[in-house]
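Please have the chain open as you read.

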Amino acid sequence: MEHLVITIGRENGSGGRHVGEELAKALGIKFYDKEILAETARQSGFAHEFIAENEEKKPQFFWGTGAFYMYEQPISVKLYIEQSKIIKQLAEKESCVIVGRCSDYVLHGYKNVINVFVHAPLSARIARVAEREGLSEKDAKTRINKTDKARSAYYNYFTNQIWGEAKNYHLCVDTENLGIEGTVEMIKKYIELLKG
């Protein structure tokens, strides 16, 4: 494949971002996650902090006096549109790994795109988040549930698909069984097999 894009969807605490970073290094290609925030800020004019606070959230609609007000797009819709443009620009420009932001759906129909979903048992994710964030197991579990609920709602709303459902991805990998390095090796092997 001359031009390759790997999208990574992930459960919170599964190590999906780390997998994406290591995969990009191993393949010698660019890695995009928070970098998309900076580019969205540059192209849209929204402040970086504002985007970080409002991205990957399901739109909130407000009811008033019995009428449904939609005179203006919710900010999350505007950000989704802006980020989708940037994801497409990146995919058309170079080989890369892109984490989250419905990138698997945004790039549907593009050639040489591999969609991966990274997951792990809740107990393993709690342990990883607790260690990484310096949280108690209870607080780590709360954070995981809140983050995954938000990611799921965002993905399901914008794609009309189910977040984490195997049929939406080419490959679903459990990092507890393989670890970060093993997961990277498995994805690399998958790519090699596709190349024939």
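## A cut-off to start with

A residue counts as buried when its relative accessible area is under 20%, and as exposed when that value is over 50%. Keep in mind that this is a predicted model.

## Two residues in one loop

Let's begin with R101, which sits in the loop between β5 (96–99) and α5 (103–106). Its relative accessibility is 2%, so R101 counts as buried. The backbone of R101 deserves a look too: phi is positive, about 55°, although the residue is not a glycine.

C102 is likewise found in the loop between β5 and α5. Because its relative accessibility is 4%, C102 counts as buried. C102 also has a positive phi of about 55° without being a glycine.

## The enclosed space

Rolling a probe the size of a water molecule over the atoms shows where empty space is left. Here, the count comes to one cavity of 30 Å³ or more. The largest cavity has a volume of about 140 Å³.

## What lines the cavity

Which residues lie nearest the centre of the largest cavity? They are G100, R101, C102, Y155 and W163, out of 16 residues in the lining.

The largest share, four residues, comes from β1. Sorted by class, the lining of the largest cavity holds seven nonpolar, four polar and five charged residues.

Technical notes:
Residues numbered from 1 in each chain as written. Predicted model: local features only at pLDDT ≥ 70, side-chain atom pairs only at ≥ 80, totals over all residues. Heavy atoms only, no water. Buried < 20%, exposed > 50% of the residue type's maximum accessible area, 1.4 Å probe, protein only. 1 Å grid on protein atoms, 1.4 Å probe; cavity = no way out; pocket = protein on both sides within 12 Å on 5 of 7 lines; lining within 4 Å. Points joined across faces, edges and corners; volume = space filled by probe spheres on them. Nonpolar A, V, L, I, M, F, W, Y, C, P; charged D, E, K, R; others polar.
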